[in-house]
Structures are given as C-alpha cells and as structure tokens.
Amino acid sequence: MEEIFKRRSIRKYREGEIEDEKIDKLLKAAMQAPGSRMGKEPWEFIVIKNKETINKLSEMDHNAKVLKGANLAIVLIANMENSHFKHVWQQDMAAAATTLLLEASYLGLGAVWVNIAPKEERMNYISNLFNLSENLRPFNIISIGYPAEDEENKFIDKYHEDRVHYEKY
C-alpha cells in the first residue's frame, strides 16, 4: 500500500537502461489489473527502448515532449478483438496503466502517464507510427526512467476531507 501513497508523476530521468527483469515485472503487474470479464482483457503493450523511436513518440504533440528523456516507453494498446465489453475498453486500459505505474514506483523507477485516447489525432499518430490495424486502439504511453535527482517518488498528502460525502452530497 505504501506505493499508492508515494507514487508521483516523474518527468525527469537520469541516464540508465531499465533492466529486462524490471520490464517483465512492469508488464506482469499491468496484466494483473482487473479487466472486463472472463479473461477477455484488451491490453497489449509495445515496449520501446530505442531512443530514436522514443523521440518520435515525443513529437506526437507538446504534451508528449516529456518522453524525450525517457529510458523506456511502453505504449498501451487495446485489442478490441480481446475486449469483452467494447464500451469500457478505456476503463480496462486505465486499470492496467495504473498497476504498471505502481509497480514502477515499487521498483525505484520514475514514470508518468502520457495521454493518447480519446484524442483522435494522437490515436492516429500512434496508429500510423506503428502501423496498427483498426482493431488496435492506442490508449496511452508510460514514460519510464530512473528518477533524476530531487525527482523521487515521495508522499505528498492529497487527502481533502471536504471532498468526502456520506449518504448525500
């Protein structure tokens, strides 16, 4: 539970390749997320270590520039053929992305969620970059690296009692 409280969006990284064992753990964590139903989770992943490809991802738009310094990027793709409930694919993908982010924190990595869906221009950019078929929908990119100095995952209290309502609003 500690990771829930200390995980932060880390956008600056120091140099250092992410070990394959850690990448495997990130992917396994993502695939443990709750999904729609009956083993029909839509998630698939494109793991990118190549700096040139990461730089191409960073050119998607101004929000993706955070990818420039990443040591690793993971693109989360929904395969609609594997989705049981087609209308909730984004919720399934968000659950996978969240568990991946928590595992990154646990492994001492910094990570940040870069939006793709539901913006059509971003979805098209990723689809074109990776030559994805129509049944594959890009959801987001997780930018990952070893946190730069003073960029570590740490607890920041975000609890607001005034946002909690019992029995009525």
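User: How far apart are the mean positions of the positive and negative charges of the protein?

Analyst: In this predicted model, the mean positions of the 24 positive and 27 negative charges are 2 Å apart. Lys and Arg count as positive and Asp and Glu as negative, while His and the chain ends are not counted. Each charge is placed at NZ of Lys, CZ of Arg, CG of Asp or CD of Glu.

User: What do the numbering and the values rest on?

Analyst: Residues are numbered from 1 along each chain as its sequence is written, and side-chain values use heavy atoms, with hydrogens and water left out. Local features need pLDDT of at least 70 and side-chain atom pairs count only at pLDDT 80 or more, whereas totals for chains, interfaces and linings use all residues.

User: How do you know whether the radius of gyration agrees with a compact globule?

Analyst: The rule is 2.2 Å times the number of residues to the power 0.38, with the radius taken over C-alpha atoms. For 169 residues a compact globule would have a value near 15 Å; the protein has 16 Å, so the two agree. The C-alpha trace spans about 45 × 45 × 30 Å along its principal axes.

User: What share of the contacts joins residues 24 or more positions apart?

Analyst: A contact requires heavy atoms within 4.5 Å. Among contacts in the protein with a separation of 6 or more, 79% are between residues 24 or more positions apart.

User: Why is Met 31 called partly exposed?

Analyst: Buried means under 20% relative accessible area, exposed over 50%, and partly exposed in between (1.4 Å probe, protein chains only). Met 31 has 45%, so it is partly exposed. Met 31 belongs to helix α2 and, leaving aside neighbours within four places in sequence, is in contact with Trp 43 and Phe 45. By the same cut-offs, 44% of the 169 residues count as buried.

User: Which residues touch the most other members of the largest nonpolar core, and what makes a set of residues such a core?

Analyst: A nonpolar core is a set of buried Ala, Val, Leu, Ile, Met, Phe, Trp, Tyr and Cys residues joined through side-chain atoms within 4.5 Å. The largest one has 50 residues, and Leu 26, Ile 74, Ile 141 and Ile 144 touch the most other members. Helix α4 (89-106) is one of the elements giving two or more residues to this core, and α4 gives the most, with eight. Not counting residues up to four places away in sequence, Leu 26 touches several residues, including Leu 72, Ile 74, Leu 100 and Ile 144.

User: Why do Asp 150 and Glu 167 count as exposed?

Analyst: Asp 150 has 62% relative accessibility, and therefore counts as exposed. Glu 167 has a relative accessible area of 84%, so it is exposed.

User: What is phi at Asp 150 and at Glu 167?

Analyst: Asp 150 has a positive phi of about 65° although it is not a glycine. Phi of Glu 167 is near 70°, also positive in a residue other than glycine.

User: Which peptide bond is cis, and where does Pro 118 lie?

Analyst: The bond joining Ala 117 and Pro 118 is cis, with omega about 10°. Pro 118 is in the loop between β4 and α5.

Key: Helices (H or I, at least four residues) and strands (E, at least two) are DSSP runs, numbered from the N terminus.
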